[in-house]
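Visitor: I would like to learn how to read helices and a ligand site in a model. Please show me the structure first.

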Amino acid sequence: MIVRRSSVELDKLRRSGLLVYQILEKLKSMVAEGVTTQDLEIAAERMITDAGAKPAFKGYYTQAAGTKYPFVLCTSVNEEVIHGMPSPKRKLKKGDIVSIDTGVLLNGYYGDSAITVPVGEVNDSVKRLLKVTQESLEMAIDKVRAGNRLFDICGTVEKHVTSNGFSIVREFVGHGIGTSLHEEPQIPNYVDRRGENPRLKPGMVLAIEPMVNAGKPDTRVLSDKWTAVSKDGSYSAHFEHMVAVTDNGPWVLSRP
Ligand code: MF3
Ligand code: CO
């Protein structure tokens, strides 16, 4: 069942979304050669605590990993797709890209958003990877309208990414979000006909998060049990927003 949120609940999700936005803006401004992914982690944790919120990822258990995730951020560099772990040893360098993904719990409601940021100048094909991934999210957001169906979102991401020669990661998906970090529905970034295709209704809140590889789509998880990387070592981009279905169209909760 996909929960439909009241306007009071949507306002709470909005506050969580804006907190995540402010954190990501701050971290984006910090990204530079020589900065470590742990520097980003420390800044994020401070902002979350100062806001009276809790990190949504730290302590989050998944069956697949078999452990609790130990950080407030996922920082996934270059061929890392998602769930890269912050480290004092991981110094960013020019030409890298870093996906920064974070979630918060504020007043009982979750926020979750991600961006991929270039470190200094990146080459043209990497620029295009970031641009196409971000565009695919924007085009999907525009489908978050009452009366449309889930596959309109999935298919829009899939078409834009594949028609530009990049590939969709299939092992990880977006999700509903609300009083849990992950709620129904699952939101693959491709049309998965094995899944349901519910109609979108006002009050539904969706976290849409395209994960796109420059090369082949296949991924594997490193021995740390969390970090997912592209099998072929190609760069991977990731953007995420939480979007509410309203009577007036899409409402992106995770940006002003
Ligand atoms: N944005 C990702 C998601 O929604 C990050 C989750 S990291 C975890 O699934 F640690 F919480 F699993
Ligand atoms: Co998410």
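This is a predicted model: local features need pLDDT of at least 70, side-chain atom pairs count only at pLDDT 80 or more; totals for chains, interfaces and linings use all residues.

Visitor: Which residues of H1 are buried?

Guide: An α-helix has 3.6 residues a turn, so residues three or four places apart point the same way. In H1 the buried residues include Leu10, Leu13, Gly17, Val20, Leu24 and Leu27. Glu9 and Arg14 are also among them.

Visitor: Which elements do the buried residues of H4 pack against?

Guide: Start with the length: the 14 residues of H4, 150-163, should span 20 Å, and the end C-alpha atoms are 20 Å apart, which agrees. Among the buried residues of H4 are Phe151, Cys154, Val157 and His160. The buried residues pack against helix H3 (124-141) and strands E6 (167-168), E8 (183-187), E9 (205-208) and E10 (211-213). After H4 comes Gly165, with a positive phi near 85°.

Visitor: Which residues come nearest to ligand 1?

Guide: Of 13 residues around ligand 1, the nearest are Asp101, Asp112, His175, His182 and Glu240. For polar contacts, look at distances between N or O atoms within 3.5 Å. A polar side-chain atom of Asp101 is 2.6 Å from a nitrogen atom of ligand 1. Oxygen atoms of the ligand lie 2.8 Å from a side-chain N or O atom of His182 and 3.2 Å from a polar side-chain atom of Glu209. Ligand 1 alone exposes 340 Å², of which the protein buries 94%.

How values were computed. Residues are numbered from 1 along each chain as its sequence is written. Chains are lettered from A and ligands numbered from 1 in the order in which they are written. Side-chain values use heavy atoms; hydrogens and water are left out. Buried means under 20% relative accessible area, exposed over 50%, partly exposed in between (1.4 Å probe, protein chains only). Helices (H or I, at least four residues) and strands (E, at least two) are DSSP runs, numbered from the N terminus. The expected span of a helix is 1.5 Å times one less than its number of residues. Contact means heavy atoms within 4.5 Å. A residue is near a molecule or strand if one of its heavy atoms lies within 4 Å of it. A polar contact is a pair of N or O atoms within 3.5 Å; within protein, one must be able to donate a hydrogen and the other to accept it, and residues adjacent in sequence count only if both atoms are side-chain atoms. Accessible areas come from the Shrake-Rupley method with a 1.4 Å probe; for residues, only the protein chains shown count as cover.
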